[in-house]
Amino acid sequence: MPRDYVQRVQARYQQHASAANAAAMQRYMKDQFLFFGIKKPERVTLSEQLIRELGVPASTQALSAVCRQCFQAEPREMQYFAADLLRPRIKKYEVELLPLLEELMLEKSWWDTIDFLAPKLAGNILLRFPGAIADYPARWIDSDNFWLQRAAILFQLDYKNRTNSALLFSFIHRQADSREFFVQKAAGWALRNYSKVNPDEVRHFIMHTKLSKLTIREGSKYL
């Protein structure tokens, strides 16, 4: 049962909790969430052990139920466990996982979860099934939720020379007047990454588009 699965993860994490680490991690995340205080290398090792013991849920439905439970649970490392569960296996999943990923983006939203759900998970699926872009990122960018806007801008972050630059520039342009820090920062990050592949195209876009100072500063770092 998903509840039992998630409770066993919580119990194992609790055994490795550190109050000192938790306080520091909570401060870093602007006191948005509680933490067990398990640093990433140890957490990943624990997650791998747990997944070997508990197995990977066999169906997309069961997997989705476990991930939902993880995102409803406390502390924050429970959301990270969902990433540890999904990321090494993301190439096994197709577009039927995208509704779940969108749902998780809207649960306890903050940059740390968006930044693995969008480029690492949704981005992997959308690279293999670009026909779904119209149903997901193209809708996210025009939503009134700035976390979905960030996800739309970042989903191609790891695409390198496979980036659809026209789409990237279009999305950034459509939110160029946003005053939201997390959208401006995402635009700069996406431009900076793409500039490693095509600096001239990024330079031209920055020079001919009205962008926030933050986006320009971040996007120009490698130019």
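1. Buried means under 20% relative accessible area, exposed means over 50%, and partly exposed lies in between, with a 1.4 Å probe and protein chains only. By that rule Arg150 is buried, because its relative accessible area is 4%. The model is predicted: local features need pLDDT of at least 70, side-chain atom pairs count only at pLDDT 80 or more, and totals for chains, interfaces and linings use all residues. Residues are numbered from 1 along each chain as its sequence is written, and side-chain values use heavy atoms, with hydrogens and water left out.

2. Overall make-up. The protein chain has 13 helices and zero strands. Helices here are DSSP runs of H or I with at least four residues, strands are runs of E with at least two, and both are numbered from the N terminus. Of the 223 residues, 52% count as buried.

3. Dimensions. The C-alpha trace spans about 55 × 40 × 30 Å along its principal axes.

4. Contacts along the chain. Contact means heavy atoms within 4.5 Å. Among contacts between residues at least 6 apart in sequence, 72% join residues at least 24 apart.

5. Helix H9. Arg150 is placed in H9. Eight of the nine residues of this helix are buried, including Trp147, Gln149 and Leu154. The buried residues of H9 pack against helix H6 (98-105), helix H7 (111-128), H8, H10 and H11.

6. What does Arg150 touch, not counting residues up to four places away in sequence? The list is Trp111, Ile114, Asp115, Phe182, Lys185, Ala186 and Trp189.

7. Helix H10. In residues 165-174, the buried positions are Ser165, Leu167, Leu168, Phe169, Phe171 and Ile172. Their cover includes helix H8 (137-140), helix H9 (146-154), helix H11 (181-195) and helix H12 (199-207).

8. Ser64. This residue is found in helix H4 (residues 60-72). Ser64 counts as buried because its relative accessibility is 7%. Leaving aside neighbours within four places in sequence, Ser64 is in contact with Leu97 and Leu100.

9. Backbone points to check. Most residues other than glycine have a negative phi, and most peptide bonds are trans. A cis peptide bond joins Glu74 and Pro75, with omega about -10°; Pro75 lies in the loop between H4 and helix H5 (77-86). Asp31 has a positive phi, near 55°, and is found in the loop between H2 and helix H3 (40-54). Lys108 also has a positive phi, about 50°, and its place is the loop between H6 and H7.
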